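The report below goes through one structure in steps, beginning with a pair of charged side chains and ending with the chain as a whole. Please keep the sequence and the coordinates at hand while reading.

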Amino acid sequence: MRDLRVLFVCTGNTCRSPMAAELLRQKLKAQGVEGLKVLSAGTAAVPAAPASTQAAQVMADAGLDLDRHRAQQVTAALLRSAELVLTMTRAQRGWLLSEFDVPRLAQKTFVLKRYAFEGLNEGEQVDICDPLGWGVECYRRTAQELEAALTAALPRLKR
């Protein structure tokens, strides 16, 4: 039986989605959760681009490694293979739904913070800002935001 797949999607697949994927892998490992494969991709990725220097630095400061990460463009095949797709923004979710004709895509695609914090109101901030082009402190804040969302989502992911 194959692993269940979670796919994180951001824009370039060099900051938010690889950070989210690595943070989730760490959480799953720490809790002994097996059978869940974590992937990431971007809506406008430059294939094979490494993680941004700042993302790699922030993850290294947390004891995590993005050195082997290489960006990939989101594809219909990746979306079909995932049981759950988590985007960083509402716009990314909307783009996926408008660009890809994949069965059940709308039912399995969520903005990460809306998935994690099920009680969020429509007016509340659900997008995780792109730190690209900002300093390392912005990346740290993004990592903290991802950490909080993933901690909240973990019980739901484990089901």
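Helix α1 contains both Glu22 and Arg25, which are three residues apart, or about one turn of the helix. In this predicted model, their side chains meet in a salt bridge, with a distance of 2.9 Å from N to O. The two partners fall into separate accessibility classes: Glu22 has a relative accessible area of 16% and is therefore buried, since buried means under 20%, whereas Arg25, at 35% relative accessibility, counts as partly exposed.

## Further salt bridges

The structure holds seven salt bridges, and one of them is formed by Lys113 and Glu145, whose closest N and O atoms are 2.9 Å apart. Lys113 is buried, with a relative accessible area of 12%, while Glu145 is partly exposed, with a relative accessible area of 26%.

Another salt bridge joins Glu137 to Arg140, and here the closest N and O atoms are 2.7 Å apart. Both residues lie in helix α7, three residues apart, which is about one turn of the helix. Glu137 counts as partly exposed at 47% relative accessibility, and Arg140 is also partly exposed, with a relative accessible area of 25%. Through salt bridges that share partners, Asp61, Glu137 and Arg140 are joined into one network.

## The nonpolar cores

The largest nonpolar core has 34 residues, of which Phe8, Met19, Leu24 and Leu112 touch the most other members. At least two residues of this core come from each of β1 (4-10), α1 (16-30), β2 (36-42), α2 (53-61), β3 (84-87), α6 (112-116) and α7 (136-158). The largest share, eight residues, is supplied by α7. Apart from this core lies another one, of 13 residues, including Leu78, Leu79, Ala82 and Leu105.

The surroundings of Phe8 can be listed residue by residue. When residues up to four places away in sequence are not counted, Phe8 touches Ser17, Ala20, Ala21, Leu24, Val38, Leu39, Ser40, Ala41, Leu86, Met88, Leu112 and Leu150.

## The chain as a whole

The secondary structure of the protein chain comes to seven helices and four strands, and along the sequence these elements follow the pattern β-α-β-α-α-β-α-α-β-α-α. Among contacts between residues at least 6 apart in sequence, 73% join residues at least 24 apart.

For overall dimensions, the C-alpha trace spans about 40 × 35 × 35 Å along its principal axes. A compact globule of 159 residues would have a radius of gyration near 15 Å, and the 14 Å of the protein chain agrees with that value. Buried residues make up 48% of the 159 residues, and the chain exposes about 8,100 Å², of which carbon and sulfur atoms supply 52%.

Notes. Residues are numbered from 1 along each chain as its sequence is written. This is a predicted model: local features need pLDDT of at least 70, side-chain atom pairs count only at pLDDT 80 or more; totals for chains, interfaces and linings use all residues. Side-chain values use heavy atoms; hydrogens and water are left out. A nonpolar core is a set of buried Ala, Val, Leu, Ile, Met, Phe, Trp, Tyr and Cys residues joined through side-chain atoms within 4.5 Å. Buried means under 20% relative accessible area, exposed over 50%, partly exposed in between (1.4 Å probe, protein chains only). Contact means heavy atoms within 4.5 Å. A salt bridge is a side-chain nitrogen of Lys or Arg within 4 Å of a carboxyl oxygen of Asp or Glu. The radius of gyration is taken over C-alpha atoms; the globule rule is 2.2 Å times the number of residues to the power 0.38. Accessible areas come from the Shrake-Rupley method with a 1.4 Å probe; for residues, only the protein chains shown count as cover.
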